[in-house]
Each structure stands twice: as structure tokens, then as C-alpha cells.
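Hi there,

Here is the structure I promised to pass on to you. Have a look at it first, and then read on for what turned up in it.

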Amino acid sequence: MKSYNLKSLSEKNTVYIYNKPAPELLEAFPNPFTIPEQNPCSATGTIHIECPEFTCLCPITGQPDFGKIVIDYQPDKLCIESKSLKLYLGSFRMHGEFHEAGVNRICNDLVKLLNPVKLKVCGEFTPRGGIPFWPTAEYVR
């Protein structure tokens, strides 16, 4: 079995950070679509990820906000490792930030790590005061 030096995936005692977004938790592995022996037909691909249990705090009231984070991207050389993404998204749990800023932060952190061809992050937040917010941040190289 090939080793990719993924710290969070091989860690036996996972440490959770809940009080501040922690992009240092994000890890990536080589894109299988670009490795000839894993993709003899030279197919291209996109990746769709849904994280239905995202939580953060309202920066003004401190009340909890709940939502789903949807990530769609076309990788270049790297793909996001899912456990590290889970830990990263969990790091927002006790952090106060407006939905738009949080979605934009997630997009920027993923672009910085992956340098994808394109990437879109959408936050589908449950209504507060009867108004749902679904901000989207998009990057195209």
C-alpha cells in the first residue's frame, strides 16, 4: 500500500480544534485522474462533497448556526483528504463569523492548498428569523 504521509488519517488519537478555523489541518493527496497507471483512459473528473453537519456561531449574538457546506471542484494535481476536511470544518464550531465570510474563508483555504482548476463552496444555512442564507464563493483559475 502506498504511503501519502497523511497525518490526520493515520493518527490514532485525533485532536479536535473547535475554537478557530484551522487551515493547517487540511491535507491533500495526488489526484488519481492525473496518474497514468490509475487512469489509463485519461479521464478527467470533478469532485462533489457535502458536509451536512457544519456549525459555527453568530459573531454578534454567539448563537449557534447550522448548515450544510457543499464543495464542488475540478482538481489539478491534488485532492482534499476527507478526514482532514472534516477536522477543518469542525474547527469552525465555536468560532463567530458571518456566513458569507466563513464560506469565503473555506474557499480560499481550499484554493491555497489544492490550486484547483476551479472550485465552488456553497453554505446552505438553516433559516434564522425565517431567512435562509446560502452564500457561494467561487474560484476559477
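Lys20 is found in the loop between α1 (7-10) and β1 (28-30); helices here are DSSP runs of H or I with at least four residues, strands are runs of E with at least two, and both are numbered from the N terminus. Lys20 counts as partly exposed because its relative accessibility is 40%. On that scale, buried means under 20% relative accessible area, exposed means over 50%, and partly exposed is in between, with a 1.4 Å probe and protein chains only. Apart from neighbours within four places in sequence, Lys20 is in contact with Ser91 and His95, where contact means heavy atoms within 4.5 Å. The C-alpha atoms of Lys20 and Cys56 are 9.8 Å apart, although 36 residues separate the two along the chain.

Before you go further, please keep in mind that this is a predicted model, in which local features need pLDDT of at least 70 and side-chain atom pairs count only at pLDDT 80 or more, while totals for chains, interfaces and linings use all residues. Residues are numbered from 1 along each chain as its sequence is written, and side-chain values use heavy atoms, with hydrogens and water left out.

Now to the sheet. It is an open sheet of four strands in the order β2-β3-β5-β6, with antiparallel pairing; two strands pair if DSSP finds at least two bridges between them. At its edges are β2 and β6 (136-140), each of which pairs on one side only. On average, neighbouring strands of this sheet are turned by 15 degrees against each other, direction ignored. For such angles, axes are lines fitted to C-alpha atoms (for helices over the stretch in contact), and angles run from 0 to 180 degrees between N-to-C directions.

Going through the strands, β2 (residues 47-57) and β3 (residues 64-74) pair in the antiparallel sense over nine bridges. Across this pairing, His48 stands opposite Asp72 in β3. The two strands β2 and β3 form a hairpin with six residues between them, and Gly62 in the turn has a positive phi of about 80 degrees. On to the next pairing: β3 and β5 (residues 118-125) are antiparallel too, over eight bridges. Here Ile69 stands opposite Gly123 in β5, and Val70 is opposite Cys122 in β5.

What lies across the four strands β2, β3, β5 and β6? That is helix α3 (residues 99-114), which runs at about 155 degrees to β5. With 16 residues, α3 reaches 22 Å from its first C-alpha to its last, close to the 22 Å expected at 1.5 Å a residue; the expected span is 1.5 Å times one less than the number of residues. The buried residues of α3 are His99, Gly102, Val103, Ile106, Cys107, Asp109, Leu110, Val111 and Leu114. Just after α3, Asn115 takes a positive phi of about 45 degrees.

Rings of Phe, Tyr and Trp (its six-membered ring) pair if their centres lie within 6.5 Å, and planes under 30 degrees apart count as stacked, over 60 as edge-to-face and the rest as tilted. Phe54 and Phe125 form an edge-to-face pair, 6.1 Å centre to centre with 75 degrees between the planes. Phe54 lies in strand β2 and Phe125 in strand β5, so this pair ties together parts that are 71 residues apart in sequence. Both Phe54 and Phe125 are buried. Tyr88 and Phe92 form another edge-to-face pair, at 5.4 Å centre to centre and 90 degrees between the planes, and these two residues are buried. Ring pairs link Phe54, Tyr88, Phe92 and Phe125 into a cluster.

Ser84 is in helix α2 (residues 82-90) and counts as buried because its relative accessibility is 0%. Beyond its neighbours within four places in sequence, Ser84 is in contact with Ser8, Leu25, Leu26 and Glu27. Leu78 lies in strand β4 (residues 78-80) and counts as partly exposed because its relative accessibility is 28%. Not counting residues up to four places away in sequence, Leu78 touches Ala28, Phe29, Pro30, Asn31, Tyr73, Leu113 and Leu114.

Enjoy exploring it!

Best wishes
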